[in-house]
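This briefing goes through one structure topic by topic. Please keep the sequence and the 3D view at hand while reading.

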Amino acid sequence: MLIGEVAQRSGVSARMLRHYEKLGLVRPSGRTGSGYREYSGEDVRRIFHIESLRSLGLSLREIGLALDDPGFTPSALVADLIRQTRERIAAETELLTRLSRIDAAEPTDWTDVLKVVALLHALASPNADTRQRAALTAATPAAPADETPVPVEALVDAVLGEPDPNVAGALRWALARSGDDSAPGLLAQGLGSPDAGVRKRAVQTLAELPGERAGRQLRDALGHTDGVVRRYAALALGARGVADAIPTLVDVIVEGSTDTDAADALSTLASDTASDTPAADRIADRIAAGLVDRLARPGTTAAARGRLTQALAGIPGPTASRALAELSRDEDRAVALTATYLLHLRERDGR
């Protein structure tokens, strides 16, 4: 076959075929009487082999080695190609993310673009002080003219990956001030991370976000498999007056990790709802009943029973008073003494 027919059958231009010949990749088997290149069936198969290897991302030099070296083994080269491809995808993904965040900031001119780029670089700095300054700048620009809208996705990624507690606190503040309704949903994705640290930072940040959307995500987190996530969600919801957090707060008291905070949250929840209305009384009674139920449950340790008894001190209403009166006769002397003392304080204060 002449070069034109080969080009037509293979889809490789005559110019590229000549280039392959110049590099020594293809050597036409013969020449016609007029001196034209003549390709055999084997030559055409080699051309198809070259094109197949090019489709994998091999350079022409690598293709030459692969086809001509009898001792060549493809495994190392393929592994290297996989590595290079992954690195290229990672770099392109990072670039796409950066461009998307710049676009989300809706810059009006190149000055705005450069401000966003500088802020994104600062948030990714290896220096904690630089990251913290960037977070504070995002939350409180020095002047309206300096205000640079930071894409909420960038702030969420930054806070989820931030190991420094001071920087993380500044980032949480920046997110809370952003007022972006998409932040709770983005943070909720962090609750599904395999990294416990990321999950903890996600729920901590949700706890500091105002609004019902954050509240809904925190309610969902009450059923999370991670006890730390459940604990932070319950403490935040208790402070917001959400009664759904009561069972988890009782569990936290039993566990003893942050039992004082959990008891305070229950007290706040009961006090915020305490009034002369039947609905408010039911909340206080529900909390007291939950504490009493755990006190009576088999397997509850003596230390946990002591903490549960102490938690009843902050719960108003007759249910808590009756529970303390019953506990003042408890077989556990420490529980009985604690209940007696708390009951005395309630009677003195007229509760």
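This is a predicted model: local features need pLDDT of at least 70, side-chain atom pairs count only at pLDDT 80 or more; totals for chains, interfaces and linings use all residues.

Which side chain of opposite charge is nearest to D259, and how far away is it? The side chain is that of R307, 4.5 Å away. D259 is buried yet has no salt bridge.

- D259 is part of helix α15, which covers residues 259-273.
- Leaving aside residues up to four places away in sequence, D259 touches V252, I253 and R307.

**Salt bridges**
- The structure has 16 salt bridges, and a few of them are described here.
- E87 and R83 form one through their side chains, with an N to O distance of 3.0 Å.
- Both E87 and R83 sit in helix α5 (residues 74-104), four residues apart, which is about one turn of the helix.
- An α-helix has 3.6 residues a turn, so residues three or four places apart point the same way.
- E87 is partly exposed at 46% relative accessible area, and R83 is partly exposed at 40%.
- D80 joins R83 and E87 in a network of salt bridges.
- R219 and D244 also meet in a salt bridge, at 3.8 Å from N to O.
- R219 is in helix α12 while D244 is in the loop between α13 (227-239) and α14 (246-255), so this pair ties together parts that are 25 residues apart in sequence.
- R219 has a relative accessible area of 30% and is partly exposed; D244, at 43%, is partly exposed too.
- D293 and R297 form another salt bridge, and their closest N and O atoms are 2.7 Å apart.
- D293 is partly exposed at 42% relative accessibility, and R297 is partly exposed at 38%.

**Buried sides of two helices**
- Helix α10 runs over residues 183-190, and A183, P184, L187 and G190 are buried in this helix.
- These residues lie on the same side of α10, because they cover an arc of only 100 degrees around the axis.
- The elements that cover the buried residues of α10 include α8 (152-160), α9 (165-178), α11 (196-208) and α12 (212-221).
- In helix α4 (residues 60-68), the buried residues are I63, G64 and A66.
- They span an arc of only 165 degrees around the axis, which puts them on the same side of α4.
- Helix α3 (41-55) is among what covers the buried residues of α4.

- L237 belongs to helix α13.
- The relative accessible area of L237 is 0%, so this residue is buried.
- Not counting residues up to four places away in sequence, L237 touches G215, L218, R219, L222, V242 and A245.
- One of these contacts, R219, is also the residue that forms a salt bridge with D244.
- L237 and A265 are 28 residues apart along the chain, and their C-alpha atoms are separated by 8.6 Å.

Key. Residues are numbered from 1 along each chain as its sequence is written. Side-chain values use heavy atoms; hydrogens and water are left out. Buried means under 20% relative accessible area, exposed over 50%, partly exposed in between (1.4 Å probe, protein chains only). The arc is that of the directions from the helix axis to the C-beta atoms. Contact means heavy atoms within 4.5 Å. A salt bridge is a side-chain nitrogen of Lys or Arg within 4 Å of a carboxyl oxygen of Asp or Glu. Lys and Arg count as positive and Asp and Glu as negative; His and the chain ends are not counted.
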